[in-house]
Amino acid sequence: MSAFDSWDKAEAFALSLPGTVRSTIYNMPMVMISKNRRGFLVTGHEAENSFAVPLDEGYAEMLMETDPESFWQSPHYAGSGAVLVRYSSPDPERVRHVIEHAYTLAAAKKSRPPRRRTRKV
């Protein structure tokens, strides 16, 4: 199984899931579900060595406890459900499952209203 050793590989896998599109959040690349506009994969604030996935807090804690070599949180994400996934993870199969889980969680959420863009005068 191929490692998720770059954003491009993680993004390509996420985009292979049904109904997904590229987007951005706070000027960072993100993959979201087009139907409800919920993101489930983002480059995050530690993009040089990890990408972020939003999960429920208990699942994120379990991942960090059982595989700290792959899953972690920087101070920015501490206390949130988001977990960072190191590009150097030795377990690409588990990473694949975590991305799929984040996708399933995002797909189950209600739609977000479209962002309103304001015009500068």
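## A walk through a predicted fold

D5 is found in the segment before α1, the helix of residues 7–15. This is a predicted model, in which local features need pLDDT of at least 70 and side-chain atom pairs count only at pLDDT 80 or more, while totals for chains, interfaces and linings use all residues. Residues are numbered from 1 along each chain as its sequence is written, and side-chain values use heavy atoms, with hydrogens and water left out.

Helices (H or I, at least four residues) and strands (E, at least two) are DSSP runs, numbered from the N terminus.

**Starting at D5**

Now look across to E100, which is 95 residues from D5 along the chain. The C-alpha atoms of D5 and E100 are separated by 17 Å.

**Two helices**

In α1, the buried residues are W7, A10, E11, F13 and A14. They fall within an arc of 160° when seen down the axis of α1, so they line one face of the helix (the arc uses directions from the helix axis to the C-beta atoms). What do the buried residues of α1 pack against? Their partners are β1 (20–25), β2 (28–33), β3 (38–42), β4 and α3.

Buried residues in α3 are P92, V95, V98, I99, A102, Y103 and A106. Their arc around the axis is only 140°, which puts them on the same side of α3.

**Aromatic rings**

Searching the whole structure gives 3 aromatic pairs (Phe, Tyr or six-membered Trp rings with centres within 6.5 Å; planes under 30 degrees apart are stacked, over 60 edge-to-face, the rest tilted). One of them joins F4 and F13, whose ring centres are 5.6 Å apart and whose planes meet at 65°, so this pair is edge-to-face. Another is the tilted pair of F51 and Y87, at 5.8 Å centre to centre and 45° between the planes. F51 lies in strand β4 (residues 50–54) and Y87 in the loop between β6 and α3 (92–107), so this pair links parts of the chain 36 residues apart.

Here is how buried these rings' residues are:

| Residue | Relative accessible area |
|---|---|
| F4 | 6%, buried |
| F13 | 10%, buried |
| F51 | 0%, buried |
| Y87 | 11%, buried |

**A glutamine in a loop**

Finally, find Q73 in the loop between β5 (71–72) and β6 (82–86). Q73 is buried, with a relative accessible area of 19%. The Q73 side chain reaches the backbone oxygen of A82 at 2.7 Å, and a polar atom of that side chain lies 3.0 Å from the backbone oxygen of S80. Leaving aside residues up to four places away in sequence, Q73 touches E61, M64, A78, G79, S80, A82, V83 and L84 (contact means heavy atoms within 4.5 Å).

Key: Buried means under 20% relative accessible area, exposed over 50%, partly exposed in between (1.4 Å probe, protein chains only). A polar contact is a pair of N or O atoms within 3.5 Å; within protein, one must be able to donate a hydrogen and the other to accept it, and residues adjacent in sequence count only if both atoms are side-chain atoms.
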